[in-house]
Structure formats: structure tokens, C-alpha cells
Amino acid sequence: MRLGDLWVNLVQTLLRVFPFPCETGLVKIGNPGRSSPVLLTCNFRLTVERVKRALEGIDAYLLVANSRGVNVWCAATGGLLSNHDLVSVLKTSGIQDLVDHRKVILPQLAATGIEGRNIRERTGWRIVWGPAHFSALRAFLSGGQVATPEMRRVSFEWPQRLEMAAAWAFPISLAALFVLPWWPSGVLPLMGLVWGLSSLIFLGFPLYEGWIRTTGKNVGFVFFDFGQYGIPLLLWVVFVLGLMAYALLGGGISWGFVLRWGLSSFVALLILGVDLMGSTPVYKSGLHEERLLRIALDAGLCKGAGFCEQVCPVDVFQVDDERRVATLPGAERCVQCGACIVQCPFDALQFENPTGDVVTPETVRRFKLNLLGKRIASPGKSEQGQKSAGP
Ligand code: SF4
């Protein structure tokens, strides 16, 4: 990698929580021919660069779809990478004239937003679900374009955690510069606090991963959420009010002291409030907590097509090829991404809650069940109480 590219990559990694769009369209990798594989990714610049590097030495076409500069997982689950975006790049990039086949390989994590059946009906192109992580692309292509269970399973390894720690800490620590005019000696300690806490949260993930798993709750820790009643936020308000009262009652502390401690503790609170489960598909977002949904299969409708198995990031399904039916041996691992529901051609899957309310496939396809989708779908929340209702 050239020094200039290295620098751009570093900046984009540090700012990866923000959209970073690049040009959409067709990219030739090597010297592709009429039977070369066609792959697709989003137009988050960092992802495009990484996919291109992962494909070095392979002859292929890479389609870059418009995801508004957002990464595949967030864009697809947030409705920013949709059927329309894939259809658009397939029809306008010229790829149809360059290859004899009609098969496009998509990143597995796009399955929450792009529906295979819809694409086939509208364009004639068939989607093949690739691995969850671009680093497995080479093995996927050389292995007959079959994603093994290991390639499909999403993990949160230390390089990704390190990257997330830096991406989380960097913009927040830049904000610490605002205190420079009135608290110059506080800048470095504040930055240290931000980097220290972010590193602790993300790099220390394996230490409390089991705890999160065994509690059976999405959240439950003061970290990663402000909770249903915003208790950490209330405690912070009490803390600052206490400091103010102490200053007013002549306790010997200055208003500058109150401001500095109020600010420092608020910064710590913001970092501890990161919804880690929303930043990785390993766990469901804390925003799903109140829904109490579970994935449910209607075995009478299932014909064992297996798309659910191909797109699930946490290995929930096993397809019984003899009986032509899917089973859900890992149902407790479900992170409610909705990918299996979106892809099932027979509408055999849906979400249910303990009271018997269901979220239909149509609703999941339309609104998604995710961070952004929840906000988009919020007007439909009133439907929750109805049978066959929305999220
Ligand atoms: S079973 Fe759960 S985690 Fe797996 S694809 Fe379906 S909704 Fe997503």
C-alpha cells in the first residue's frame, strides 16, 4: 500500500463512525472476462479499498452500490442499502454486457436490506451470499463460491475491537480540544480518559462477553446503554447538582471545579453508554430489549431452501436436506437482524413475542428491525398490540 493510501486509510479508520462515500459503479479487478465473478459492495470508501485489496491477484468485477457512504451492515439494516440500490447498479454499470452469467456475490451482511427474490424478479440476476467478512473472499471464491459455517459466522476479534476502540475514542477525544481556552491542563487528562475507557470497553470485551451471554439480557450492565429509565444519566445529574450545592454552601470548591468534574464525568458517561451490541452483529442492539421477540419458523411453509442458513450471522439454522425443512438449534443466539425473514421465499419465518403478537415478513422487509429501522418504523409501534402487526 502506498504511503498516501495508508494515510487515507488511517484517517478513515479513525473516523469510521461517519459516512465516507466514494464513487459508485463498476471496478475491474485484474483482467476479468465473460465468466469472471461479479461481486458487490457498498460505497463506504474504507470497505471498497479493503475489498479491492482482498481480491488482489483475482480477475473479477466489483460493483459498488450506493449506500450513502455507510458500511454494509449499518446501511443494509438501516434501509440505506436496498433492493433499489442493487437494481440500479446492475442496470446502469454496464455489467450486463460484460459477462455471460447472471450471478452476483453479495456480502452476507447485506441480507437484511436486499431481498434475493425481488432482485431476481426485477433483473434476472441471482444473488449468491458471500462470506460475512471480506477477508474470507479469496477462500470463498477458490472454494467454489460456497460460504462455510466459519465464513458465515460473525465474530468480534481483537483487530475489529481495536479499530472500534480507536474509531470511538478519536472523535470524542477531539471534542476535548474545546476545553483548551478555559481548561488547558484538562485537555490531555480528558483525552486519556476517553482513550482509556474506549480501550477498556472494546479490548476487554472477552472478559465480560460470557457474562452478557449468561444473563440472557441484551443489556443489564450500566455500560452500553442508559437503560430504560436513563438511570446513569439521572445519577450524573444528581452528582452535578450535589457538586453545585456543595459549592453554593461554601464547601470550598470553585465553579470551575464543578464545571470540570461535570464535564469529565459526562464524557465518561457518554463513552460508557455506547451500545456495543449495536456496533457488532455479534449481539442484538439494546434497542431490541423491550421487544422480547424470538425467531419462529412455520415448518408447514418451509421447503428447506436454506437461505436462512446462508445469511444468519450467528449460525441459528440447520437445514435438513432429506426432510427439506430448516431447524433452529441455535435459536437462543438470534440477534434479531431479520435477514432470514427477508430472504425466506416462502415467508416461513417471522418474529413472535411471548404474548403471541407477531411481526410479519412484510413488515420486516419494509421497516427492518434495527437501529435506524426502529426509528423509521416508530409510527408502526402502535401496531405491536395487533396480531400480524408491525414492530
Ligand atoms: S435467526 Fe436471528 S440472527 Fe439469524 S438471520 Fe434470523 S433474525 Fe438474524
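Student: Which residues does Cys340 touch, not counting residues up to four places away in sequence?

Tutor: Two points before we start. This is a predicted model: local features need pLDDT of at least 70, side-chain atom pairs count only at pLDDT 80 or more, and totals for chains, interfaces and linings use all residues. Residues are numbered from 1 along each chain as its sequence is written.

Now your residue. Leaving out residues up to four places away, Cys340 touches Ile295, Cys308, Val311, Cys312, Phe317 and Leu349. Touching here means contact: the two C-beta atoms, placed from the backbone, lie within 7 Å.

The largest nonpolar core has 67 residues. Leu63, Leu81, Val104, Cys308 and Cys340 have the most contacts inside this core. A nonpolar core is a set of buried Ala, Val, Leu, Ile, Met, Phe, Trp, Tyr and Cys residues joined through C-beta atoms within 7 Å. Buried means that 20 or more other C-beta atoms lie within 10 Å of the residue's own; exposed means 12 or fewer, partly exposed is in between, and the C-beta atoms are placed from the backbone.

Where does this core draw its residues from? Strand E3 (residues 60-65) gives the largest share, 6 residues. Both domain 1 (3-152) and domain 3 (286-385) contribute to the core, so it lies between them. Those domain bounds come from an automatic or database domain assignment. Another core, of 15 residues, lies apart from this one, and Trp168, Ala169, Phe202 and Phe205 are among its members.

Look next at strand E3. Strands (E, at least two residues) and helices (H or I, at least four) are DSSP runs, numbered from the N terminus. In E3, 6 of the 6 residues are buried, so the strand is largely enclosed by the rest of the structure. Ala60, Leu62 and Val64 point one way from E3. Tyr61, Leu63 and Ala65 point the other way.

E3 has strands to pair with. Two strands pair if DSSP finds at least two bridges between them. Strand E1 (residues 25-29) is joined to E3 by 5 bridges, and the two run antiparallel. Leu26 has Leu63 as its bridge partner in E3. Strand E2 (residues 38-42) is also joined to E3 by 5 bridges, but that pair runs parallel. Here Cys42 has Ala65 as its bridge partner in E3.

Leu63 and Ala65 lead on to Val89. This residue sits in helix H4 (residues 83-92). Leaving aside neighbours within four places in sequence, Val89 is in contact with Thr24, Gly25, Leu63 and Ala65. Val89 is buried, because 20 other C-beta atoms lie within 10 Å.

Arg68 counts as partly exposed because it has 15 C-beta neighbours inside 10 Å.

Back to Cys340 and the ligand. There are 13 residues around the ligand, and Cys340 is one of those that come nearest, with Cys312, Val316, Cys334 and Cys337. A residue is near a molecule if its C-beta atom, placed from the backbone, lies within 6 Å of it. The shell around the ligand has 11 nonpolar, 2 polar and no charged residues. Ala, Val, Leu, Ile, Met, Phe, Trp, Tyr, Cys and Pro count as nonpolar; Asp, Glu, Lys and Arg as charged; the others, Gly among them, as polar.

Finally, follow the chain on from helix H15 (339-343). Asp347 is in the loop between H15 and E9. Its phi, near 50 degrees, is positive in a residue other than glycine. Strand E9 (residues 349-352) pairs with E10 in the antiparallel sense over 2 bridges. In that pairing, Phe351 stands opposite Val359. The open sheet here has 3 strands, in the order E6-E9-E10, with antiparallel pairing. Strand E6 (294-297) and strand E10 (358-359) are the edge strands, each pairing on one side only.
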